[in-house]
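Dear colleague,

Please find below the structure that I am handing over to you, with its sequence. My notes on what was found in it follow directly after.

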Amino acid sequence: MGHSYRYQLGSKTYQFADLADLMAKATPARSGDRLAGVIAESAEQRAVAQLLLAEVPLKTFLNDTLVPYEDDEITRLIIDEHDAEAFSVISHLTVGDFRNWLLTDTASTEVLKQISPGVTPEMAAAVSKIMRNQDLILVAQKCRVVTSFRNTIGLPKRLSTRLQPNHPTDDVNGIAASMLDGLLYGSGDAVIGINPATDNVAQATRLMNLMDEVISLYEIPTQSCVLTHVTNTLECIENGAPVDLVFQSIGGTEKTNSSFGFNLAILAEAQQAALSLNRGTVGQNVMYFETGQGSSLSANAHHGLDQQTCEARAYAVARKFDPLLVNTVVGFIGPEYLFDGKEIIRAGLEDHFCGKLLGLPMGCDVCYTNHAEADQNDMDNLLTLLGTAGCSFVMGIPGSDDIMLNYQTTSFHDALYARRVLGLGAAPEFEAWLEKMQIMSNAGLAQLTNHLPPAFAGTLSSSAVKHYNG
Amino acid sequence: MVEDAEMLIVDDSQADDSMVIHNPWRQLRQFTAARIGIGRAGVSTPTRETLEFQLAHAQARDAVHTELDIESLKQQLFQLQQDFPQINSQPPLVLNSRAIDRVTYLQRPDFGRQLDDSGFASLKPHYTKTPYDLALVIADGLSATAIHQNAVKFIASLLPLLLKEIPDFSLAPISLVNQGRVAIGDDIGEALNARAVLILIGERPGLSSPDSLGLYLTWSPKRGLTDDKRNCISNVRLAGLSYAAAAHKCFYLLSEARRLQCSGVAIKDRSTEKIIDSSAVQTSFLLDSKVDRKGVDGK
């Protein structure tokens, strides 16, 4: 580890043991860092840590690795694959100067894309800690990350949605009912993604088939995903199941990922397996990752780091595998990590900024649990801020109520609200489909038709529905 | 709360409905409890659905922040002891975790898992050399509402099974715990010297399930055991798993624990696992053959 950091403020001397300590103490307050015992002991100490952190040269992060190189494959990934040429543009800057630079017109969309492989997660985390919410929004909004599979995600003035038709028993008709509801509200261009209630290969295969058949029948330009463990998805692929995207929850330390039961080699194997199916029509981004501050502490694998730095390190894992989507599930983990609306909103903006700066197609599960000090108004705020920041996608669920995972996330209606007030469209291929199917009369303006789209009118009068009605 | 909900609906029926676009697929709620077919005002959630959501959230929030009604629970348990004179007739023990209030509890799960010092002291007189067969622990968890509505009724379903099937069944004094998490049951079980501990705890409330009771069984409880040593039964409530079904599951797990002298993953209840056959095609209504292909093709 590197040296300690010291700051003289009047008669008071503040000392920080090492870079990890300085980073943690400079982090805006949140309950997870308190739980980990790494939080600043006073507001003044935090402000001093931020002043000191601003003086740290970006180069320091290449030498002073926060988790030892020899102990952690993610540190090795970050260091070994660092792009020195891309870094050369910003290599003379301190963290504080980096913030200024990011805010200048010099840091255009093109330039931000060029330097992205030269930025490490720790650099992104460090600069985010001294940025205000508006800085995080402004810079993220300049970053452009475009990915594709059966449609195109991340184009300017677009906001995609993951349709999340979860059901507590994975009932096919229950899932289909939520899927139909979502499609008829214009949701599902990022992915139709199910969290299975029963998590095994047979169930995943069943759900993959269900979604694949719907996507094929209605010719929906989108992709499906069952959010099961990466090793399950590998087995599904081997068995010939119709896998569009490979899912995995990822964390920012090797130990976190071991606790999740995978490593980088397994992700590489799964990516190759999915690519071999060649199911994308527009592009071949085949991975879907989820993250969230607090997962490393929760797995007792945080190496004394603050939770936001651990989170940013997870993005090094993600960018190795060219994902279609990365989703920070910001309020799901509970109040022991992010206590209230203020902490959830801050974390959502940090994650989105760090992800985008590192070149990821960053979306956000704008969400909360019932034991957090948060409500729908906090979610409205975060959704609006993220929409302004150019967030790639958000979740879509009937009436914000996930009856399987027991938490609240954004509804189909919420996405339409954001599209309207911010002038955002869905993925262009999906928009064309919405109009073709007469779900929307003007998809660019998020105008739904007032009649039942003919293709689905037949569905609703089908024998299955009638049978249950009878 | 039910009355309030009905009032809301009655009032709404008087409202001018012309601004709301209804969704004919709301009929699909026959397949799911998800809030589908809400309808819309513009593209936004209509007033009634917005306020119903807020009511559900308010109930879940209240469940999290309601304090355990110790006096009422004591009375209910006293009545139970009248019905089952065979069991330990001592009044319940009232204990606290190291989390001093709800705000601390929510931010420090580690405190909620540990009994405070006075708790250990008050358990000491109840320690026996001959271990109890079972210690029952009732803890607020994340929903005191779940405890108030379900805990004693569940115990009333469980006790007859235990008394009938386990010879000379001995029950430790029942503990009531404020600001408790699951692992605190192990502290208590160890301090009392119980062969097994069953903790009844309020689960994290869902928007449509603020009253869900969770049950966790640990064999040979000791401080510091991890989740893989416990068996869990979830969603015990009027609209979920019935008391009788939960009691049977619980009795099954305890019997297995007594037979194998362990708990947790080793005695997972495999008897209830359904075998899923992915090749057996289950077609949803969305794939029904009567789909209007004209519409699908956009012609």
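Which residues in α19(A) meet which residues in α20(A)? On the side of α19(A), they are A:L383, A:T384, A:G387 and A:T388, and their partners in α20(A) are A:D414, A:A418 and A:L422. By class, this contact has 3 nonpolar, 3 polar and 1 charged residues. Please bear in mind throughout that the model is predicted.

Helix packing in chain A

Two packed helices are described by the angle between their axes and the distance between the axes. For α19(A), residues 376-389, and α20(A), residues 412-422, the angle is about 50 degrees and the axes are 10 Å apart. The two helices are therefore oblique to each other, and α19(A) passes α20(A) in a right-handed crossing.

A second pair is formed by α12(A) and α13(A), the latter covering residues 230-238, which pack at an angle of about 65 degrees with their axes 9 Å apart. Here, too, the crossing is right-handed. From α12(A), the contact is made by A:V201, A:A204, A:T205 and A:M208, and from α13(A) by A:N232, A:T233, A:E235 and A:C236. These residues divide into 4 nonpolar, 3 polar and 1 charged.

Helix α10(A), residues 133-142, has buried residues at A:L136, A:I137, A:V139, A:A140 and A:K142. What covers them includes α7 (95-103), α8 (109-115), α9 (121-129), α18 (341-357) and α19 of chain A.

Annotated positions

An unreviewed UniProt entry places the feature "binding site" at A:P196, A:Q248, A:S298 and A:M404.

A:P196 is found in the loop between β6 (191-194) and α12 (201-217) of chain A. This residue has 19 other C-beta atoms within 10 Å and is therefore partly exposed, since burial requires 20 or more. Apart from neighbours within four places in sequence, A:P196 is in contact with A:D170, A:Q203, A:A204, A:L207, A:V226 and A:T228. Of these, A:A204 also takes part in the contact of α12(A) with α13(A).

A:M404 is likewise found in a loop, between β13 (401-402) and β14 (407-408) of chain A. Because A:M404 has 23 C-beta neighbours inside 10 Å, this residue counts as buried. Leaving aside neighbours within four places in sequence, its contacts are A:N166, A:H167, A:P168, A:N195 and A:A197.

The contact between the chains

How many residues does the contact take from chain A and from chain B? Chain A gives 63 residues and chain B gives 50. On the side of chain A, the elements that give two or more residues are α2 (31-36), α11 (172-184), α12, α20, α22 (454-460) and α23 (463-469). The largest share of that side, 10 residues, comes from α11(A). By class, the residues on the side of chain A divide into 30 nonpolar, 22 polar and 11 charged.

Chain B itself has 10 helices and 6 strands. Of its 299 residues, 40% count as buried. Among the contacts in chain B with a separation of 6 or more, 70% are between residues 24 or more positions apart.

A buried strand residue

A:L325 is found in strand β10(A), residues 325-329. Is A:L325 buried or exposed? With 29 C-beta neighbours inside 10 Å, A:L325 counts as buried. Beyond neighbours within four places in sequence, A:L325 is in contact with A:I153, A:A190, A:V191, A:Y288, A:P361, A:G363 and A:F393. The C-alpha atoms of A:L325 and A:H451, which are 126 residues apart along the chain, are separated by 33 Å.

Backbone angles to note

Most residues other than glycine have a negative phi, and most peptide bonds are trans. Two aspartates with a positive phi are listed here: A:D322, near 40 degrees, and B:D168, about 50 degrees. A:D322 is found in the loop between α17 (307-320) and β10 of chain A, and counts as partly exposed with 17 C-beta neighbours inside 10 Å. B:D168 is found in the loop between α7 (144-165) and β3 (175-178) of chain B, and counts as exposed with 7 C-beta neighbours inside 10 Å.

With kind regards

Conventions
Residues numbered from 1 in each chain as written. Chains lettered and ligands numbered in written order. Predicted model: local features only at pLDDT ≥ 70, side-chain atom pairs only at ≥ 80, totals over all residues. Axes fitted to C-alpha atoms, helices over the stretch in contact; angles between N-to-C directions. Helix = DSSP H or I, 4+ residues; strand = E, 2+ residues; numbered from the N terminus. Parallel < 35°, antiparallel > 145°, perpendicular 65-115°, else oblique. Left-handed = near helix turned anticlockwise from the far one by under 90°. Contact = placed C-beta atoms within 7 Å. Nonpolar A, V, L, I, M, F, W, Y, C, P; charged D, E, K, R; others polar. UniProt positions renumbered as here; feature names shortened; annotations may be inferred. Buried ≥ 20, exposed ≤ 12 C-beta atoms within 10 Å, placed from the backbone.
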